[in-house]
Amino acid sequence: MAEDLSALHDNLIQLSETVQEFLAKAQYIPEEGTNVSVKSMLESLLPRKTLEGRRISEDLIQGELKDFSLCCAALASAQGSNHTSLSWIPKDLSVTAVSAFEELSKAFSANLNAGKSTRIVELGLDCSLVSDEKKLVVEMMPLVMPLLKESIKESSIDHLDDCDEVSAASARAPLAYAVVAVYQFRWFVTQVEQPHLGKLCSLVIPCALTALDHWSPVVKGQGMITFIHLGKNTKAAEFSPYEDVILDTCCQNIVSSDEIWHLVVEMSVLLVTCIHGTNPRSSWYERILNEMLNHLQRQPKNKDRYIAWLQHIEPLFDGAGLVLLAHFRRIFPLFFQWMHSDNDQTLLLVLKRVYTVMKLTWIRNTPFVERLVDELAVTYKEAALKRAREEIRAHVIQILVLLQQCKGMQFEAAWNKHRDDPNLTTISPSLSTRNAATPLLNDHDGAEGFWSFGFMRRHRVKECRVDRRI
């Protein structure tokens with residue numbers, strides 16, 4: 001056992017010296033107005049050679065493994081960061097840190113026979129299924145998660161502060177510490193995937209919630225990336241102790257700044273659909289959608305926000321199903337406004353979301369049919385000057401055909417005013433060759449549309465309740 005520890009320690013020191021060599025060469029200028037040196041902080045985490053004859057204990061090894069892991073996590077996570085606390089770290093240093101950590105993880109697995117007597121087993125994971133490159137990450141999680149959570153929390157807003165909250169938070173601990181900690185946290189979590197990550201939720205989720213509760217958009221953003229990774233690699237049951245607090249935190253963060261709004265939308269949609277699946281009766285679908293629509297209505301021309309929403313909202317629409325009927329008066333005016341975007345890809349996103357809403361609801365009992373037909377006619381004509389005109393027109397025709405099938409005479413009455421428009425003559429064959437009584441079968445989309453129609457018939461009582469709200 002002593003020989004195993006000594007061999008592991010030798011590996012650790014050798015790899016630490018390699019990282020130290022690259023770190024020493026990195027150019028670093030401390031942030032103005034602060035006496036914090038992130039570079040010095042990281043250098044202090046790298047283990048040094050011990051004195052000759054000093055006993056290499058298991059506690060010593062564990063402490064040095066933890067510190068080395070934290071240093072590598074900070075260096076590795078810096079790739080792509082534009083925050084001054086980490087942007088000084090060059091790519092070759094990040095790559096070196098990743099390589100060193102993976103090599104140490106292999107040595108850890110080989111020397112300590114990690115599958116038999118480590119925290120991996122205590123966490124309930126099958127060690128044989130964890131790769132050698134990831135065993136050290138999992139082993140370190142119980143040690144580093146509480147430390148990182150505390151580092152993030154130190155500069156969070158204390159609601160007992162009487163003065164300016166952000167200033168008071170920054171005075172207690174420099175923001176740089178929280179930034180480095182949350183980047184380390186995000187790196188650790190994103191190294192683990194399913195089926196192992198679910199076993200670590202009790203360690204990960206409290207720290208992620210602390211990050212989302214921070215005042216800094218940078219810290220919040222890394223917490224959101226972590227939750228997105230959790231949502232993609234964790235089962236709904238594994239969220240169960242934290243479901244409501246997670247989704248409530250999502251709602252509170254929908255008012256986040258522009259730079260991270262795309263992350264809060266992706267995170268919120270992913271988590272509510274992961275946790276509640278296709279259960280439209282869940283109040284969280286309505287709460288999250290309402291919060292998003294409130295925000296979009298306040299800034300309907302904020303291009304970055306509505307594009308992010310259009311890109312990520314589809315799974316929430318699918319989960320909400322007929323409940324979308326209750327939101328028509330807010331959704332469609334936004335669609336109509338965005339339908340005349342100068343950007344082709346944005347317009348295509350709008351048309352795809354319009355089709356999804358129609359497919360799921362068959363646009364029942366709504367005053368928007370005539371307006372929708374008019375807007376689609378204008379969009380079809382405007383497409384003549386766009387590069388993606390063929391694709392745009394194909395989507396417009398797809399929507400019109402579905403409208404014809406689900407609205408019948410109401411659609412015909414709305415379309416009559418456009419029937420003789422010379423700029424719309426190419427649409428007529430697509431409409432006249434369709435039988436309005438026959439469901440549209442167009443690959444998987446049509447099948448889903450037909451399913452939605454059947455779903456509505458089976459839930460007629462529920463539909464009527466929703467329709468009265470419109």
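The legends below accompany close-up views of a predicted model.

**View 1. Helices H16 and H17 and the crossing of their axes.**
Two packed helices are described by the angle between their axes and the distance between the axes. In this predicted model, helix H16 spans residues 328-338 and helix H17 spans residues 344-361, and their axes come within 10 Å of each other while crossing at roughly 150°. Because angles over 145 degrees count as roughly antiparallel, H16 and H17 are therefore described as roughly antiparallel to each other. The crossing in which H16 passes H17 is left-handed.

**View 2. The residues through which H16 and H17 meet.**
From H16 come Phe328, Phe332, Phe335 and Trp338, and these meet Val350, Arg353, Val354, Val357 and Thr361 in H17.

**View 3. The largest cavity and its lining residues.**
The structure holds 1 cavity of 30 Å³ or more, and the volume of the largest cavity is about 30 Å³. The lining of this largest cavity is made up of Val98, Phe101, Glu102, Glu133, Lys134, Val137, Trp187 and Gln191, which divide into 4 nonpolar, 1 polar and 3 charged residues.

**View 4. The helices that contribute to the cavity lining.**
Helix H4, covering residues 91-112, and helix H6, covering residues 132-154, each supply at least two residues of the lining of the largest cavity.

Definitions and conventions: Residues are numbered from 1 along each chain as its sequence is written. This is a predicted model: local features need pLDDT of at least 70, side-chain atom pairs count only at pLDDT 80 or more; totals for chains, interfaces and linings use all residues. Side-chain values use heavy atoms; hydrogens and water are left out. Axes are lines fitted to C-alpha atoms, for helices over the stretch in contact, and angles run from 0 to 180 degrees between N-to-C directions. Helices (H or I, at least four residues) and strands (E, at least two) are DSSP runs, numbered from the N terminus. Angles under 35 degrees count as roughly parallel, over 145 as roughly antiparallel, 65 to 115 as roughly perpendicular and the rest as oblique. A crossing is left-handed if the near helix is turned anticlockwise from the far one by less than a right angle, and right-handed if clockwise. Contact means heavy atoms within 4.5 Å. On a 1 Å grid over the protein atoms alone, a cavity is a set of points where a 1.4 Å probe fits but cannot get out, and a pocket is an open set with protein on both sides within 12 Å along at least five of seven lines; lining residues have an atom within 4 Å of a point. Grid points are joined across faces, edges and corners, and a volume is the space filled by probe spheres set on the points. Ala, Val, Leu, Ile, Met, Phe, Trp, Tyr, Cys and Pro count as nonpolar, Asp, Glu, Lys and Arg as charged, and the others, Gly among them, as polar.
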